Amino acid sequence: MKKLTALVLTFAMVLGLAACGGGNGAPTSTPGPGNSTGGDKTYSLKVAGIDGSITLFPVYVAQEKGWFDEASLDIERLGFTNGPVTMEAIDTWDISVTGVGGVLSGLISYDAVLLGTVGTDDGTQYLFVRPDSKVAAAGKGHNSINQEIIGDAESWKGMSVNSTYGTVLHYLLLKTLSGFGLTIDDVVVNWMDMPTANASFLAGEGDATCVSGEVSFKQDKDEFVVASTGPLADLGLQTNFVANPTAIKNSETREAMKVFLQVFFRATDWITANPEEATDYMIKWCEYAGNTIDEEVAALYCTVDPYYTLEDNYNALHEEAHDGGDYCRIQEQILGVLNFFIETESYQAGDDELFLKEGHLDTSLIDELYGASK
């Protein structure tokens with residue numbers, strides 16, 4: 001087991017609500033519709049993700065609209081608190097929608113299989129500091145990544161920061177610090193799950209906090225200063241489809257995955273084309289996950305990280321890497337994050353080879369769906 005996985009196990013002991021989501025660390029299982037009326041054969045599939053997240057939202061919408069039922073697919077939805085924790089429970093699900101933390105943990109430590117991309121994943125990543133902090137007083141203009149990022153090297157040194165290990169928030173913190181010429185060792189990090197990091201910050205713990213999801217836009221953040229965000233720090237993150245390696249080898253489960261992806265893209269296309277109605281669903285989705293949001297926040301949350309279409313996926317899976325590597329564009333983008341983690345010793349040398357190991361990418365499901373759509 002890699003160092004990251006071991007550390008995540010330690011930090012995952014303190015569990016709370018997921019980004020705009022609920023749960024106590026254990027998965028929440030939600031049955032989908034009953035037997036379908038749309039075909040002679042009914043498939044079943046266990047789908048994992050974070051309750052209340054943008055990534056799992058299309059599954060919720062499709063369930064509410066009965067689209068899985070129409071497609072002869074029974075869905076069991078499993079909710080977790082973050083990607084690495086989801087991968088720890090890989091034996092309990094067939095397919096997952098997850099962020100970079102889950103993708104890296106899954107492929108490197110559990111031989112999970114990357115299938116494609118759900119959408120972008122940096123629009124809701126925020127790093128807040130207190131208005132009376134040295135960082136806020138230092139102002140803008142001192143960060144090499146983006147001059148809009150708040151603070152300077154001296155003001156960030158020794159800062160107490162609430163963050164979640166091995167996730168996009170960890171990456172946001174690392175990237176932000178690197179723009180000041182600093183490393184993780186220059187600050188004091190309180191490792192905890194995101195909802196706890198947020199709640200602790202609001203209660204007075206920590207000089208700064210990294211948060212994601214709808215909590216980044218809630219009114220309780222109005223009094224704090226936005227020091228950095230995913231777009232400002234140029235994270236370039238994605239969320240992805242990842243398969244359990246055993247499940248995808250089963251012909252019937254593989255077919256269920258293909259049906260799932262087809263319905264998932266139907267749902268994301270609908271969300272993109274119907275933002276007002278999608279906003280109503282988002283409010284209910286967040287309420288289900290234990291958070292109350294208003295219409296303005298829900299509308300923003302629905303649109304801040306665009307979903308990839310089936311065609312986007314096909315093109316990205318078959319686009320050559322821009323750096324000349326023998327891998328596709330999707331792998332290249334994730335590998336960029338991994339290399340940064342390796343440089344900052346959050347992962348170790350050789351993990352890039354494990355990530356690119358033969359069998360860790362399967363384009364066939366997207367290829368078949370895309371071919372059938374033409």
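A residue counts as buried when its relative accessible area is under 20%. In this predicted model, Phe201 has a relative accessible area of 0% and is therefore buried.

The structure holds 18 aromatic pairs, and one of them joins Phe201 to Phe224 in a tilted arrangement, with 4.7 Å from centre to centre and 50 degrees between the planes. This pair links distant parts of the chain, since Phe201 belongs to helix 9 (residues 194-202) whereas Phe224 sits in the loop between strand 9 (208-211) and strand 10 (225-229), 23 residues apart. Phe224, at 11% relative accessibility, also counts as buried.

Another pair is formed by Phe264 and Phe265, and its geometry is edge-to-face. Phe264 counts as buried at 1% relative accessibility, and Phe265 does so at 5%. The two pairs are set out below.

| Aromatic pair | Centre to centre | Between the planes | Class |
|---|---|---|---|
| Phe201 and Phe224 | 4.7 Å | 50 degrees | tilted |
| Phe264 and Phe265 | 6.4 Å | 90 degrees | edge-to-face |

Phe264 and Phe265 also belong to one aromatic cluster, together with Phe68, Phe241 and Phe260.

Helix 10 (residues 251-273) packs with helix 16 (residues 364-373) at an angle of about 60 degrees, their axes lying 10 Å apart, and the two helices are therefore oblique to each other. Their crossing is right-handed. On the side of helix 10 the contact is made by Arg254, Met257, Lys258, Leu261, Gln262 and Phe265, and on the side of helix 16 by Ser364, Leu365, Ile366, Glu368 and Leu369. Sorted by class, this contact has six nonpolar, two polar and three charged residues.

Key. Residues are numbered from 1 along each chain as its sequence is written. This is a predicted model: local features need pLDDT of at least 70, side-chain atom pairs count only at pLDDT 80 or more; totals for chains, interfaces and linings use all residues. Side-chain values use heavy atoms; hydrogens and water are left out. Axes are lines fitted to C-alpha atoms, for helices over the stretch in contact, and angles run from 0 to 180 degrees between N-to-C directions. Helices (H or I, at least four residues) and strands (E, at least two) are DSSP runs, numbered from the N terminus. Angles under 35 degrees count as roughly parallel, over 145 as roughly antiparallel, 65 to 115 as roughly perpendicular and the rest as oblique. A crossing is left-handed if the near helix is turned anticlockwise from the far one by less than a right angle, and right-handed if clockwise. Contact means heavy atoms within 4.5 Å. Ala, Val, Leu, Ile, Met, Phe, Trp, Tyr, Cys and Pro count as nonpolar, Asp, Glu, Lys and Arg as charged, and the others, Gly among them, as polar. Rings of Phe, Tyr and Trp (its six-membered ring) pair if their centres lie within 6.5 Å; planes under 30 degrees apart count as stacked, over 60 as edge-to-face and the rest as tilted. Buried means under 20% relative accessible area, exposed over 50%, partly exposed in between (1.4 Å probe, protein chains only).
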